[in-house]
Structure formats: C-alpha cells, structure tokens
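The following exercises concern a single protein chain.

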Amino acid sequence: MRVFSSIEELRHTLDALKRQVRTVGLVPTMGYLHAGHMQLVARARAENDIVVVSIFVNPLQFGPAEDLSQYPRDLERDAAMLKQAGVNFLFSPGVEDMYPRPMQTIVDLPDLGRELEGAVRPGHFAGVATVVCKLFNIVQPQTAYFGEKDYQQVVIIKRMVDDLAVPVRVIAVPTVRDGDGLALSSRNVYLSEAERHAAVIIPQTLDEAERLVADGLADAAELEEKLTAFLGREPLAKPEVVAVRDASTLQPVNSITAPVVVALFVRIGSTRLLDNRVIGGNRFIGERSLPGKGVSR
C-alpha cells in the first residue's frame with residue numbers, strides 16, 4: 001500500500017493506472033477506522049481493480065462549538081488496518097494540502113442540507129458535499145462507497161452527483177452494528193460505560209418504529225411522538241431529531257404509505273449519535289440506478 005498526502009502525486013499515479021483501463025473505487029473516511037469502514041473497503045475491493053481510501057478530518061463540516069480538535073485520530077493504526085485489507089492507496093492529506101487557501105467555492109444543497117441533522121448542524125452538509133466533490137475530482141473513481149448509517153449524507157451525495165453530472169457511481173453499504181444493535185461509529189469511543197449502555201435505546205427505538213408500523217400505525221406525526229416518548233425512557237438520551245421522512249426525498253410525510261426513513265439524531269451525554277432505518281423497503285432506497293447513468297440514487 002502506498003500512502004500519499006500530495007494531490008498531484010496521487011493524481012499522477014492514478015492516471016498511469018487508468019491508462020491500463022483499471023477501475024478505481026474510493027472509500028472516503030475521516031479515519032479512526034472500525035468494522036463499518038472495513039465493510040466499505042471489502043465491498044470496494046471486491047468490485048474494483050484499485051482501491052483508494054481517503055482519511056481526512058474535514059474542518060468545513062464542523063461547527064465552531066463541535067469536536068474538530070477532539071475527533072479521534074490514529075493514522076498509524078488505520079494504515080495498518082488498510083494494508084491488511086488489501087487497499088492499494090491511502091490518501092491522507094493535511095488541511096494545508098486540501099485547502100491551501102481559504103475556500104471560496106462551496107457545494108451546497110440548501111433544501112436537503114438544512115433538513116434533519118442539518119437543522120441542528122448548520123453548514124455541516126455544505127462542508128460534506130464540498131469535500132466529497134473535491135475528493136471525486138482528485139481521485140476520479142468510477143465508484144465510491146458510503147455507509148447507510150449516514151443516510152442523509154448518502155442522499156445528499158447522490159443528489160450532488162446527479163445534479164452536477166459527476167461520473168461516479170455512489171454505493172450505499174449496510175450499517176454494521178455491535179451485538180446489542182448500536183451502530184458502529186468513530187464517536188462511540190467518547191461514551192462512558194454508562195453512556196454506552198444507555199445508547200442502546202437508539203436501535204431499540206428503531207425496532208419500536210418498525211413494530212408500530214407493522215401493527216398498523218400510519219400517521220407519521222403520531223409515530224414521531226411515540227418514538228420521542230420511547231427515547232424518553234432513557235434519562236441519558238436527549239433526542240435532537242426524531243423524524244419520519246420520505247425515503248427518497250427526505251420530505252415530510254403525513255401518512256406512511258410508501259417507504260419512509262426513520263431518522264434519529266440523539267445526544268448521549270455530550271456525544272451526538274445518529275441512526276436510521278428504512279421501513280417499507282428492504283434496502284437503502286437509493287440502490288436503484290439512474291437510467292443510462294449507472295449512478296445510484
């Protein structure tokens with residue numbers, strides 16, 4: 001595995017391989033890798049000749065009072081995991097490599113990006129869309145892989161790719177969970193023992209949502225109320241977003257008659273965790289491909 005921090009050096013190396021008609025898959029991450037990330041890597045490894053993993057803690061997607069400086073980092077550990085997994089190239093630029101001068105160009109999806117998590121993290125998804133667009137331009141992969149846990153992020157990236165005609169196929173990979181159901185996240189390391197135990201209320205709330213809908217509850221607002229009350233059983237859980245939305249558009253719905261996503265954004269202690277579940281559909285709703293483009297949405 002070769003490690004790059006320079007955009008130009010990575011581009012030069014990939015250009016030579018692309019002339020040999022080799023396919024490139026990209027897995028964008030912020031590092032501190034866990035089994036969920038490695039599932040993305042395994043999928044990319046199975047479907048491409050060359051796999052590039054990026055590790056970059058992107059300051060554009062952190063608010064002024066968020067955990068940018070405390071976000072967990074261990075590049076040596078991550079690199080060893082990626083090498084063991086058969087990754088070809090690790091791209092780990094510094095902030096000065098990605099943003100050598102203040103950014104004046106921002107990719108923003110104002111409708112999608114200000115909903116749900118975006119409502120409590122202003123500017124977050126503009127930062128996400130901007131860095132992902134830049135990574136796509138740097139690596140120019142045929143395929144890119146993202147976790148379904150970050151459902152809204154995947155919807156936004158798919159829409160960005162569609163709107164800007166970016167020739168990248170975006171693949172959503174199912175969420176990897178601990179044995180008790182909690183979705184794996186780099187931020188789980190912030191949780192104390194008591195908070196980690198309390199966090200199980202999040203996947204349990206998704207189970208409750210599925211049960212209620214299966215029992216016939218079709219009113220979206222009533223479902224949101226019941227799920228908020230269910231989360232309230234755990235004193236350490238402070239829900240910031242409990243929403244039932246159309247699974248394709250993330251728009252509010254009145255009645256559950258088509259696939260919906262139940263989106264949760266919950267603070268456990270000082271740690272924000274997110275999770276989701278599509279109800280009424282077997283997979284991430286975006287797995288279908290656009291006709292003629294080969295890009296999932």
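**Exercise 1.** In this predicted model, how many of the 16 residues of helix α7 are buried?

*Solution.* A residue counts as buried when its relative accessible area is under 20%. By this cut-off, 14 of the 16 residues of α7 are buried, and the helix is mostly covered. Helix α7 comprises residues 124–139 and spans 23 Å from its first C-alpha to its last, close to the expected 22 Å. After α7 comes glutamine 140, with a positive phi near 50°.

**Exercise 2.** Determine whether arginine 245 and glutamate 115 are each buried or partly exposed, and state where in the chain each residue lies.

*Solution.* Step one: the two side chains meet in a salt bridge, at 2.5 Å from N to O. Step two: the pair links distant parts of the chain, with arginine 245 in strand β7 and glutamate 115 in the loop between α5 and α6, 130 residues apart. Step three: arginine 245 has a relative accessibility of 13%, so it counts as buried. Glutamate 115, at 23%, counts as partly exposed.

**Exercise 3.** Identify the helix that holds both arginine 159 and aspartate 163, and state how many residues apart they are.

*Solution.* Both residues lie in helix α8, four residues apart, which is about one turn of the helix. Arginine 159 is partly exposed at 38% relative accessibility, and aspartate 163 is partly exposed at 48%.

Key:
Residues numbered from 1 in each chain as written. Predicted model: local features only at pLDDT ≥ 70, side-chain atom pairs only at ≥ 80, totals over all residues. Heavy atoms only, no water. Helix = DSSP H or I, 4+ residues; strand = E, 2+ residues; numbered from the N terminus. Expected span 1.5 Å × (residues − 1). Buried < 20%, exposed > 50% of the residue type's maximum accessible area, 1.4 Å probe, protein only. Salt bridge = Lys/Arg side-chain N within 4 Å of Asp/Glu carboxyl O.
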